[in-house]
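Trainee: I would like to learn how to read some features of a protein model. Please take me through them.

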Amino acid sequence: MPSAEALIVMGKAPMAGRVKTRLCPPLTPGDAAALCACMLEDTVSEMASLRGVRRYLFIDPPGAAGNLRAPPYDAFETFPQRGRNLGERMAHAAEIAFRRGAKAVTIVGADCPTLSAARVRLAFQELGRGAGVVLGPARDGGYYLVGLSGPDTRLFRGIGWGTPAVLSETAERLRAAGTPFAFLPPERDIDIPQDLAAFRAWAKTRRVPACPRTRSWVTSRFAAEAAPFAGAG
C-alpha cells in the first residue's frame, strides 16, 4: 500500500547559465552550476533518509529527468516539472502526489542545503495534528517548505513569486480562507551573494556533517580568500 505521506523535491538540472544566476558574480556560470549540483545532491541524499514516505523529484528542464537514475536519485520517482511559474509547477507536482494516494504532501526546494529530514518530519507531524498547511519561512520573504493536507492547490495561484511578499501573501490568503496553518523555524536559501557568505559563516561553526558536498565545494572555492566577499546581512 502506498504511503499516506509524500515528499516532493523541486530541483533544477545544474546547467551553466540557467541556475543560480544571481550568484554571478562573484561566481562564474560554471561555478554556479557546480554549486547547484552539490545542493541538489545534498538535498536528495538527506531527504532519502526519510522512512515511510513516498518520495518524488520534479526536475527542470523536463528533458533532464532521465539523467538522474544513480544513487541517491534512485530513491525517488522522477518527473518533469510542468507550469509557467513556480506556483503552477508546485501545484502540478502536488496534484500528482495526491492523485497517487497521498493524504499529506510536503514540498521542498533544493536551494536550502541546511534543511534536515527531521525538519520535514516535523512538517508531517504538524499536518497530522490538524494544520491544513505548514510553511517554512525563508529569510528572503518566501518559504523553503510547504506542507499540504489536501489537494486544493489554489494556494499557489496569484502569488507574486520571486518577491519578498510570498510568505506574507500566502499567510494572508490562508487567514482569509479560515485554513489552520503552522510555521516551522526559519531557514536561509542560497540565492544571492549575501546568502552564500552567510552559509560560509555557518559552515565554519557547524560540527554536524550536514550537506557535505555543498560545504566541501564552498570551502574549496573560497579557501584562498582572507575574508568573505560579501557581508552576511
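Mentor: Start with angle classes: under 35 degrees counts as roughly parallel, over 145 as roughly antiparallel, 65 to 115 as roughly perpendicular and the rest as oblique. This is a predicted model: local features need pLDDT of at least 70, side-chain atom pairs count only at pLDDT 80 or more, and totals for chains, interfaces and linings use all residues. Residues are numbered from 1 along each chain as its sequence is written, and side-chain values use heavy atoms, without hydrogens and water.

Trainee: At what angle do helix 5 and helix 6 pack?

Mentor: Two packed helices are described by the angle between their axes and the distance between the axes. Axes are lines fitted to C-alpha atoms, for helices over the stretch in contact, and angles run from 0 to 180 degrees between N-to-C directions. Helices (H or I, at least four residues) and strands (E, at least two) are DSSP runs, numbered from the N terminus. Here, helix 5 (residues 193–205) and helix 6 (residues 212–221) pack at about 105°, with axes 10 Å apart. The two are therefore roughly perpendicular.

Trainee: Which residues make the contact?

Mentor: Contact means heavy atoms within 4.5 Å. Helix 5 gives L196, F199, R200, W202 and A203; helix 6 gives T214, R215 and V218.

Trainee: How do I read aromatic pairs, and how many are there?

Mentor: A pair of aromatic rings is described by the distance of the centres and the angle of the planes. Rings of Phe, Tyr and Trp (its six-membered ring) pair if their centres lie within 6.5 Å; planes under 30 degrees apart count as stacked, over 60 as edge-to-face and the rest as tilted. The count is six aromatic pairs. Y56 and F79 form a tilted one, at 5.9 Å centre to centre and 50° between the planes. Y56 sits in strand 2 (residues 54–60) and F79 in strand 3 (residues 77–80), 23 residues apart.

Trainee: Is Y56 buried or exposed?

Mentor: Buried means under 20% relative accessible area, exposed over 50%, partly exposed in between (1.4 Å probe, protein chains only). Y56 is buried, at 1%. F79 is buried too, at 18%.

Trainee: What about backbone geometry?

Mentor: Most residues other than glycine have a negative phi, and most peptide bonds are trans. C211, in the loop between helix 5 and helix 6, has a positive phi near 35°. A cis peptide bond joins D60 and P61, with omega about 0°. Another cis bond joins C24 and P25, with omega about -10°.
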